[in-house]
Amino acid sequence: MDDQVVQRVLQEGGRDFYQQQPSTSAASSSSPSILQSLPLHVSFDHGYYLLVKSIQELRSKKDGVVTIGIGGPIGSGKSSLSEKVASVIGCTVMSMDNYRTGVDDGHDLDSIDFDLLVQNLEDLINGRDTSTPLFDFQERRRIGSNVIKSISSGVVIVDGTYALHARLRSLLDIRVAVVGGVHFSLLSKVQYDIGESCSLDYLIDSIFPLFRKHIEPDLHHAQIRINNSFVSSFREPIYKIKCKSESQSGHAAYIFHGKEAQFDNFIEMYLRPPSASEEARINDWIKVRQSGIKYYLSLGDQRIVDKNYIIRPRAEFEVGRMTLGGLLALGYTVVVSYKRASTSVIDGNLSVSLETIDTLGETYLVLRGTSRKIVGTESSRMGITGPWITKSYLEMILERQGVPRLNTPPLLSSVTPVTTQERLIAAPKPLRIAPNLVNRFEDLPQPWTRSPTKSKMEPVMATWHFIPPNPLLSDGYVTGPPSSRDNLQLAPMPDSYDLDRGLLLAVQAIQALLENKGLPVVVGIGGPSGSGKTSLARKMANIVGCEVISLESYYKTEQMKDFKYDDFSSLDLDLLSKNIDDIRNCRRTKVPVFDLETGARSGFKELEVSEDCGVVIFEGIYALHPDIRRRLDLWIAVVGGVHSHLISRVQRDKSRAGCFVSQNEIMMTVFPIFQQHIEPHLVEAHLKIRNDFDPVLSPESSLFVLKSNKQVAYQDILKILDSSKICSSVQNFIDIYLRLSGIPANGQLTEGDCIRVRICEGRFALLIREPIREGNFIIQPKVDFDISISTVAGLLNLGYQAVAYIEASACIYQDGKILIEIDHLQDVSSPYLQIKGVNKETVVAAGSTLKLDGSYTTKSYLEIILERLPAAERSSNGIHSQQAARLQELVEYIQSQGSSSASESSPSREASPLEGVIEEMQSRIKRLERWQAINTVLWTFLMSAFLGYSLYQRKRQ
């Protein structure tokens with residue numbers, strides 16, 4: 001599917017297509033239009049993946065610069081897409097914001113210097129260096145220029161509202177349109193506030209008067225059309241603590257002394273919708289922040305308060321001055337406005353600011369950061385102790401002045417002006433999405449460039465309610481004498497939500513429970529393996545500061561020898577029940593610690609409920625089992641994620657092989673235990689979350705990898721890692737490559753056609769590896785998830801065949817920033833070294849320090865082994881003849897154990913030769929671990945002695 005789309009992107013429509021004039025009208029009519037051949041629109045992650053693949057494909061087929069235009073309305077996510085692509089491809093991004101000609105509204109077509117932009121693009125296309133302008137929005141003028149070297153600009157991205165304008169299209173190879181995001185959210189919000197008195201076209205012309213006339217027609221010329229469903233998210237929130245500066249005057253002077261400060265002046269205002277009542281519902285208001293000639297808008301007072309922290313999402317987006325005027329014309333009124341003068345010092349991910357609010361006449365000291373722990377640690381290190389303020393500036397102003405009374409809003413005409421409706425748009429007819437079922441008038445299909453209908457995108461977030469407990473759900477469970485806690489129970493949400501809204505609702509549910517029931521709050525997060533339970537639990541813990549306990553800690557050692565990781569009987573239910581009861585009764589308890597490498601319980605850790613740890617989350621596939629959930633206060637079910645990705649991958653492979661299989665049939669075969677024993681419990685959850693995360697397509701999961709077979713000394717590896725955070729481990733693993741028979745092939749085995757399963761420490765894991773190769777980098781997802789042996793057996797039963805087998809051992813060193821892995825492959829003489837990290841520059845610096853430049857390879861281990869294997873020694877599957885017999889033995893064992901694990905009877909299994917292999921591997925691991933521990937201690941001692949001697953010599957000098 002993706003390869004076909006990429007091919008259609010490159011067939012026609014680029015700048016070469018514009019420069020070639022067809023000889024006859026018949027010839028032009030015979031050529032299919034790019035607008036008709038491409039899909040209507042794709043998701044943001046899918047569009048990112050398609051764009052990167054298209055750039056790589058086009059760059060390999062043509063000489064010179066590849067030019068891309070990314071256009072769309074304000075707030076749609078254009079700049080985010082440009083930044084993510086640039087982080088992977090390493091291209092030059094030319095923002096149209098720098099081509100403003102004055103202080104007028106920058107979204108006006110006449111305020112863009114198209115002549116200079118065209119000249120810059122032509123210079124780069126023709127191999128000449130060029131000078132692009134720089135615009136300062138605080139000073140409201142052009143302040144300089146930036147020289148771009150043509151030799152370093154293999155790919156150039158033009159990012160801006162008018163990036164697909166007719167004057168630029170003939171210079172662009174790939175045209176991308178991005179719609180949605182907060183642009184859609186604002187339209188949906190206004191449509192909800194105004195009601196049915198105005199048509200959607202009238203609202204668009206009022207809020208975004210330039211969109212239908214100057215922006216939307218250009219978007220229909222895009223080859224890749226992206227519908228960005230992102231609105232606002234607490235996945236990467238901003239943590240803030242605030243206090244009055246008078247109480248910390250000495251500390252403030254110390255913080256700002258000798259540091260370069262940044263000065264900003266803002267005007268912040270809140271708009272009340274015309275349908276508002278006298279009540280102060282600040283979450284329904286629209287916030288507008290003016291900074292220089294720029295306006296930024298956010299919907300409502302979106303924040304979470306936990307203890308001393310104010311937690312906000314990244315939900316602000318730039319709008320034009322005409323948007324503000326349009327909202328006022330629709331009946332919105334400015335109820336509160338104030339000036340905020342800020343002096344800030346930024347240090348990495350932390351900023352310290354002194355903010356003066358003119359209406360309050362007070363100055364406040366504010367610490368902001370992306371990590372709750374770092375913000376708290378830095379405030380303690382600086383000696384800032386509060387008293388902390390958790391109210392917003394708006395709340396403090398309303399407390400002093402009260403809520404302004406409503407004025408009579410202007411009447412809105414129920415009839416749209418004829419001039420607006422009859423406005424002609426010189427563009428192709430808008431493409432429309434025809435849903436399978438149309439129920440109501442407002443659900444009629446809209447153009448793909450317009451907002452989703454009100455029924456599909458409700459701007460009002462649901463709220464939690466409490467109901468009397470249901471005795472049928474309690475199953476007679478009583479922890480002690482009845483209390484006020486037992487008289488309240490959350491009412492389940494009737495709908496399911498995406499991950500962003502689900503995260504917000506989960507945190508709000510915890511806060512509601514704390515407010516109404518008090519400490520402690522015990523939460524259960526259940527769902528299939530790979531659905532995102534652990535990620536959700538960690539994000540919740542970052543926001544509310546709670547303890548997360550995995551149900552894997554309660555595995556029974558004897559069950560692990562039979563690979564029964566997804567069997568409910570594998571859990572020590574007695575110990576789990578005791579721990580939950582102790583937590584509910586505020587007693588100190590001992591939680592087990594399970595070592596997945598040894599497959600045994602390694603000890604216990606103490607846990608006690610307190611003000612700092614009043615919320616405990618239990619996450620696991622059986623967290624919502626009736627025997628567990630009856631002891632919990634909040635039940636959360638998560639589905640989708642990598643779990644759904646595997647089902648979609650199997651369905652795609654079956655389709656390529658010419659066979660259609662329903663998702664239900666795949667589910668029953670690949671995840672039999674989920675359908676029988678897990679899914680029935682999820683329907684009872686208070687909150688149901690759909691995780692749409694796709695590990696292959698999402699840029700958020702990218703891991704940058706450099707691979708080399710150059711030999712590196714162990715001490716050199718230690719030098720580039722943080723000695724205080726370094727940790728090491730040794731793993732022995734077997735990778736099995738499963739390929740569906742019947743898939744078309746080009747005569748050779750490729751990793752892209754296979755599903756890769758890893759057996760490590762007696763556990764099975766699915767490795768998601770569909771990488772993007774760019775230069776020396778392998779950019780791959782950082783997602784691996786555990787699967788049961790019955791899942792592997794299910795894949796074999798669906799027709800997958802084990803076609804390759806790799807056995808290896810790995811020594812892993814990491815410090816939290818980068819990971820260095822030394823892999824010893826069987827039948828390969830020299831080891832391979834991999835440097836992995838989420839920061840591209842950090843990985844490059846580590847490789848340069850180890851002097852690996854010039855030795856990198858982007859080949860997979862499967863390619864390396866197949867290239868080294870002589871043709872005479874290969875089996876029919878393309879692997880070594882001796883390995884083929886062992887692989888068949890391994891497959892037979894998986895099928896026998898998988899079928900017994902999936903059956904309810906679970907008969908006693910017979911001894912298998914593979915058990916001896918696994919036991920041998922485990923004994924080898926223990927010997928390697930002992931050697932590694934001794935080696936680490938020795939090197940640490942030597943490095944410490946060397947460092948101490950160096951400090952001694954420096955002191956003497």
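Reader: What is the strand order in the open sheet?
Author: This is a predicted model. Its open sheet of six strands runs S20-S27-S26-S21-S25-S22, and the pairing is parallel.

Reader: Which strands are at the edges?
Author: Strand S20 (496–498) and strand S22 (547–550). Each of these pairs on one side only.

Reader: And how many degrees is the average twist from one strand to the next?
Author: The average is 25°.

Reader: What holds strands of a sheet together, in general?
Author: Strands of a sheet pair through backbone hydrogen bonds, and the pairing is either parallel or antiparallel.

Reader: Which residue in S27 does Ile636 stand opposite?
Author: Leu687.

Reader: New topic. What span should helix H21 have?
Author: H21 has twelve residues, 573–584. At 1.5 Å a residue, counting one less than the number of residues, the helix should span 16 Å. Its end C-alpha atoms are 16 Å apart, so the two agree.

Reader: Is H21 mostly covered or mostly open?
Author: Mostly covered. Nine of its twelve residues are buried. Among them are Leu575, Leu576, Ile580 and Ile583. Asp581, Asp582 and Arg584 are buried too.

Reader: What comes just after H21?
Author: Cys586, with a positive phi of about 60°. Cys586 is a residue other than glycine. It sits in the loop between H21 and S23.

Reader: Why does Cys586 count as partly exposed?
Author: Its relative accessibility is 43%.

Reader: Which other residue has a positive phi without being a glycine?
Author: Lys307, at about 55°. Lys307 is in the loop between strand S12 (304–306) and strand S13 (309–312). At 40% relative accessibility, Lys307 counts as partly exposed.

Reader: Last one. Where is there a cis peptide bond?
Author: Between Leu519 and Pro520, with omega about -10°. Pro520 is in the loop between helix H18 (499–517) and S21.

Methods: Residues numbered from 1 in each chain as written. Predicted model: local features only at pLDDT ≥ 70, side-chain atom pairs only at ≥ 80, totals over all residues. Heavy atoms only, no water. Pairing = 2+ DSSP bridges. Helix = DSSP H or I, 4+ residues; strand = E, 2+ residues; numbered from the N terminus. Axes fitted to C-alpha atoms, helices over the stretch in contact; angles between N-to-C directions. Buried < 20%, exposed > 50% of the residue type's maximum accessible area, 1.4 Å probe, protein only.
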